[in-house]
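Have the structure open beside you as you read.

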Amino acid sequence: MNTVLDKNIDTQERREKIQAFAETCKKYYNGELSIPEYKSISGGFGTYSERGHKTGMLRLRVPGGILGVDKFKFIVDSIEKYNIEKIHFTTNQSIQCHHLKPDVIPKLMLETFDAGILTLGGGGDNPRNVICSPLSGVEKGEFFDVGPYAVKVSEFLTGLIGKIKLPRKLKVSFSNTPENIVHATYRDMGFVAKANGKFDLFTAGGLGVNPEFGIKTAEDIEPEDVLYYVMAMVQVFMKYGNYENRAKARTRYIPRTIGIEKYLFEFRRIVGELKELEDLTLNIQPNVVSKQGNGSVAKVSRNILEQKQEGLYAVKYHPALGNPSLDVLKKLYNAVSKIDSVGVRLSTREEMFIINLNGDEANEIADIIEADNSHTRLQDSVSCVGATICQQGIANSSGLLQKIIKVDREENFADGVLPKLCISGCQSSCAAHETAKFGFKGGKKKVDGELVDTFDLYYGGSEFQGDERFGEVLGTFAANRIPEMFRKLGCEIQSAGMTFDSWIVDNKNRFLEIIKEYAI
């Protein structure tokens, strides 16, 4: 198999495929194709129909979460042009445009392509958006900037779309610190930066049904060699992945099927063969932030972070439910368009970061965000779009979070009284509930003879490298009782003058008593 990196992808061919997809889209929304028939095609173009079948979603890939000012402008302009009702920042550093009319979907798809943003491969059995730590290159304490490698791997993998057939999707990530917010140690493939300037590689991990932490597959990889390992993962997946049973088609099932020893042997053997057969070596020049602070100091805010570059700051925008408003996005764009050397990033926590700001600029950006969005850390919670939109969804995850935030505001709880939550609407784990400190997984059960939304509560998980663990399931709860559970919990913590994190240390048994009152 010839796997030489194609640096001259036929853009005209891709444009023609998008144009041809417009007919498929039209047929589906006219009722000429079934949901499975349409999904088997549309996923490869980054779009799915929404629940109710009258509108669709389009997923825009943002490799490494590195959006940039020009693409930010395109997105703001597109929202206004097509009157897009709902935008969602995803946990895979993508942007989802929701409630699109059928005729808008192929138009917007083609326009994003011409703007340098891919939707191809955004769904289906394809390599997904390659993600990395959102502050890579500017984060204090990082080992090194992994962003350029995430972008190059993304280019490589998207170049393979349409040329290979994978059993299912393939997720790749790069982490720059042990904080591991990109879950590099439990993805299909995760490159973990080290103090010596090299990578360790973990593979065959993943959340969802039958979650698994990754297997350390290689150590001390030279950064310029990462593509050999990516291509080896592709070949192992194609050779040993399950094409017959989709439920067992992810990479984490391969070591279970052929054994860890054989899996590691085959992976390392293929890496060796690739190094003998072809040149996949990367030549990347490190990014250098030349901008310097001007002596101004940013205010104290939980949304403002100091960068490793002295005098520079990053500002976080976490819209409630991960759904930004057009008004805020327009104000942010108008501000950043006037700032020198600014960067725009997306995170894996449904957030946007504006980076490379001096103190005055950071204050201006933070004021825009906080005028619209003064909130406690509860609003930094992560939830998928949920069953009201997603065809795969079972319970209304975003609706639950919205109701808990309403309780937080009604009671005027101090910041930290209620913890940050990770809420998935089903077992697909888009919000990574298994490794959250406080997570929920949606489902449905009969309660008093009525089928209702329910959520399993996961507590005590950790994504931190070296301390990864799945949370303990503490019970199942009817969705309509959960907000009142948090009201009671919050009132008790508020009356103690504490935050949840400080209160739980000595009150774990009381915590269990409270939640038991509300469990099914």
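## Ground rules

Two residues are in contact when heavy atoms lie within 4.5 Å. Helices (H or I, at least four residues) and strands (E, at least two) are DSSP runs, numbered from the N terminus. Buried means under 20% relative accessible area, exposed over 50%, and partly exposed in between (1.4 Å probe, protein chains only).

This is a predicted model, where local features need pLDDT of at least 70, side-chain atom pairs count only at pLDDT 80 or more, and totals for chains, interfaces and linings use all residues. Residues are numbered from 1 along each chain as its sequence is written, and side-chain values use heavy atoms, with hydrogens and water left out.

## Helix H12 and its surroundings

After H12 comes Gly497, with a positive phi near 70 degrees.

Which residues of H12 are buried? They are Ile482, Pro483, Met485, Phe486, Arg487, Leu489, Gly490 and Ile493. What they pack against includes helix H11 (397–410), helix H13 (500–506), helix H14 (508–518) and strand E16 (438–447).

## H11 against H12

H11 and H12 pack at about 30 degrees, with axes 9 Å apart. Axes here are lines fitted to C-alpha atoms, for helices over the stretch in contact, and angles run from 0 to 180 degrees between N-to-C directions. The two helices are therefore roughly parallel (under 35 degrees; over 145 is roughly antiparallel, 65 to 115 roughly perpendicular, the rest oblique).

On the H11 side, Leu400, Lys403, Ile404, Val407 and Glu410 meet Ile482, Pro483, Phe486 and Arg487 of H12.

## H1 against H2

Over at H1 (residues 11–29) and H2 (residues 35–42), the axes come within 10 Å and cross at roughly 160 degrees. That makes H1 roughly antiparallel to H2. Phe21, Thr24, Cys25, Tyr28 and Tyr29 of H1 make the contact with Ile35, Tyr38, Ile41 and Ser42 of H2.

Take Thr24, which sits in H1. Thr24 is buried, at 18% relative accessible area. Beyond its neighbours within four places in sequence, Thr24 is in contact with Leu33, Tyr38 and Ile41.

## The nonpolar cores

A nonpolar core is a set of buried Ala, Val, Leu, Ile, Met, Phe, Trp, Tyr and Cys residues joined through side-chain atoms within 4.5 Å. The largest has 55 residues, and Phe72, Leu332, Met352 and Ile365 touch the most other members. Apart from it lies another core of 46 residues, including Tyr228 and Leu264.
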